[in-house]
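The following exercises are to be worked with the sequence and the structure at hand. Each task is followed by a solution in steps.

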Amino acid sequence: MKKLFVQHSTLVVIILWILAASSYSYATEYAVNSVTKSHAIAMHGEPKYPANFTRYEYTSPDAKKGGKIRLFGFGTFDSLNEYISKGNPAEKLTLIYDSLTTQAMDEPFTQYGLVAHTIEYPTDRSWVVFHMRPEARFHDNEPMTAEDVVYSFNLLLEKGNPAYKFFYGDVEKAEALSSHKVKFTFKNSENRELALSVGQLPIFPKHFWKDREFDKSSLEIPLGSGPYRIGKVDPGHNITYTRVKDYWASELPVNRGLYNFDKITVDYYRDHNIAVEALKAGEYDYRWENSSKFWATAYDIPAINDGHLIKREVPHKANSGIQAFIFNLRKPIFQDMELRKAMNYAFDFEWSNQTLFYNAYSRSNSFFSNSDFSAKGLPTEKELTLLEPYRNLLPKTVFTDVYAPPKTDGSGFNRPNLRIAKKILDEAGYKVKKNQLYNQHGEKIRFEILLVSPGFERITNPFIKGLAKLGIIANIRLVDTSQYINRTRNFDFDMRVHVFRQSESPGNEQRNMWNSESADTEGSANLIGIKNLAIDKLTENIVNAKEREELVTATRALDRVLLHNHYLIPQWYKPSNRIAYWNKFGIPDTAPIYDRYYTTGIYTWWYDPYKASDLSKSKQN
């Protein structure tokens with residue numbers, strides 16, 4: 001009996017120990033991976049606005065609903081679906097769709113509940129649950145459900161733009177836990193951005209799309225759920241969005257002071273000169289000006305002096321990415337980095353800035369211009385930790401040189417830089433015969449520069465003349481908007497001008513821009529055609545960064561590798577938005593500082609009938 005008692009006692013102790021250990025393990029795990037339920041989720045740190053906030057600071061309590069605004073669009077359109085890689089979609093289509101969450105434009109990356117009233121997630125962000133508002137409705141008054149969210153997610157992966165496969169590649173599954181509760185489970189807990197990114201999904205009505213071809217370009221008006229619905233459509237000429245008067249989410253804090261116009265019309269112009277003249281004639285109301293020439297010369301009219309047409313610059317702190325002449329590495333001649341490096345010296349930015357741009361711009365020297373993510377100096381110790389494993393795959397200059405694009409005195413005599421370029425080409429085995437440059441394989445260095453805007457010819461032609469002095473023959477191929485879009489999607493170009501737009505919190509989209517897999521996927525953002533194992537790995541460091549400091553380090557490491565590979569010829573950026581508009585609007589005192597293209601800024605404006613009346617009287621006089 002004693003022996004049995006001892007055994008029994010030992011067993012009890014063991015059981016109690018196991019229970020205690022498992023209880024401790026559970027408690028520890030719960031503490032480490034506790035679950036948060038909140039009105040918002042920030043990429044790093046805490047949301048700026050508390051649960052009881054009433055409106056964003058960049059909106060105004062004085063905003064009134066009513067009136068209309070007419071905007072400018074360039075080129076044409078032949079589709080009302082911007083989520084596929086077919087057709088040329090109309091502008092502002094996001095106005096007709098709601099999403100689970102929406103982004104504040106005065107924070108780097110924070111998502112607040114829109115269709116979702118509560119966001120639930122563990123500390124490691126290995127999954128996220130969105131608790132949806134039962135009152136959420138599509139425009140036909142049908143309820144918006146978790147089933148619609150899951151359907152939308154799968155639809156985008158199966159039939160949407162290829163970018164979604166890269167963006168949501170780490171999502172294991174989406175499932176409807178109930179009619180208004182949807183869960184996204186992730187393949188790992190490394191990609192912390194996913195908990196925010198899946199909330200940005202546009203929600204499509206399953207009952208509308210189930211019997212339609214989502215991946216077919218069409219002008220059929222789709223069913224939406226957002227603050228506007230599509231009204232009149234004149235294909236290729238204009239599109240009008242009409243405010244939904246009984247919009248279910250109009251009084252939510254994230255929407256107060258936003259979407260004030262009863263109508264938003266986008267008129268399309270195929271020529272920028274004509275478009276500017278149309279603005280001055282009052283044919284439309286607002287223009288975001290991207291031409292320094294127009295900004296300096298085209299607005300010297302009485303309406304400006306009288307204060308009827310307002311011209312102003314609005315500073316921003318947004319990540320400006322990079323604009324550049326980009327090489328298509330799918331073309332064999334551009335595989336040689338020495339050629340790409342030499343061609344950089346043929347572009348005289350300083351002369352262009354002084355002569356063509358009225359000294360309006362700063363030179364881009366980063367893929368993340370105007371941000372903390374821009375590589376600075378030589379690699380830090382933390383950056384070296386990320387770079388060292390791939391030293392043999394990287395240009396030596398990544399570790400030894402501070403990247404800086406070639407610089408001139410702005411006089412227009414670029415001979416010193418062209419001599420440097422010639423030396424690079426000579427050392428790489430290039431030969432000039434009868435004013436034509438040949439590579440080591442006897443191939444002529446000739447190519448086309450694809451353009452869509454005639455206004456860019458004045459910038460490209462001096463560059464072409466510089467190349468010609470090196471024996472490099474380049475020609476401009478000017479095409480219409482539709483052809484430009486299709487050729488870009490199919491990577492059917494040698495060189496083109498492109499803007500790689502960046503977010504305030506780089507993440508999943510970097511895979512779509514630079515990774516090897518995306519280089520072979522038509523419609524991806526990897527227009528350059530980069531296939532580099534080191535870059536693939538460095539991109540993952542960005543995706544998996546857990547803290548802001550870690551993200552900055554990882555992005556700077558990637559930035560300097562992209563720069564030192566000379567994948568493009570940097571152009572310029574400007575840390576402000578240039579806008580011109582007729583003085584008939586009310587505007588909040590505070591602008592959204594992270595609005596790079598001043599789009600959200602427009603939606604905080606409202607029509608002021610008193611200003612409009614004064615403007616009308618002044619025009620009559």
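Contact means heavy atoms within 4.5 Å. The model is predicted: local features need pLDDT of at least 70, side-chain atom pairs count only at pLDDT 80 or more, and totals for chains, interfaces and linings use all residues. Residues are numbered from 1 along each chain as its sequence is written, and side-chain values use heavy atoms, with hydrogens and water left out.

**Exercise 1.** Determine which residues Phe184 touches, not counting those up to four places away in sequence, and describe the largest nonpolar core.

Solution.
Step 1. Phe184 touches Leu100, Trp127, Val128, Phe130, Val149, Phe153, Val171, Lys173, Ala174, Val198 and Leu201.
Step 2. A nonpolar core is a set of buried Ala, Val, Leu, Ile, Met, Phe, Trp, Tyr and Cys residues joined through side-chain atoms within 4.5 Å; buried means under 20% relative accessible area, exposed over 50%, and partly exposed in between (1.4 Å probe, protein chains only).
Step 3. The largest such core has 84 residues, and Leu100, Phe184 and Tyr241 have the most contacts inside it. Helix α2 (residues 146–159) gives the most to this core, namely seven residues. Another core, of 77 residues, lies apart from it and includes Phe334 and Val552.

**Exercise 2.** State the order of the strands in the five-stranded open sheet.

Solution.
Step 1. Helices (H or I, at least four residues) and strands (E, at least two) are DSSP runs, numbered from the N terminus; two strands pair if DSSP finds at least two bridges between them.
Step 2. The order is β1-β6-β7-β9-β8, with antiparallel pairing. β1 (35–38) and β8 (171–178) are the edge strands, each pairing on one side only.
Step 3. Within the sheet, β7 (residues 127–132) and β9 (residues 181–186) are joined by five bridges in the antiparallel sense. Val129 stands opposite Lys183 in β9.

**Exercise 3.** Is Arg287 buried or exposed, and with which side chains does the side chain of Arg287 make polar contacts?

Solution.
Step 1. Arg287 is located in strand β13 (residues 286–288). Arg287 counts as buried because its relative accessibility is 1%.
Step 2. A polar contact is a pair of N or O atoms within 3.5 Å; within protein, one must be able to donate a hydrogen and the other to accept it, and residues adjacent in sequence count only if both atoms are side-chain atoms.
Step 3. The partners are the side chains of Tyr284, at 3.3 Å, and Glu289, at 2.7 Å.
Step 4. Beyond its neighbours within four places in sequence, Arg287 is in contact with several residues, among them Phe72, His272 and Arg578. His272 is also touched by Ser453.
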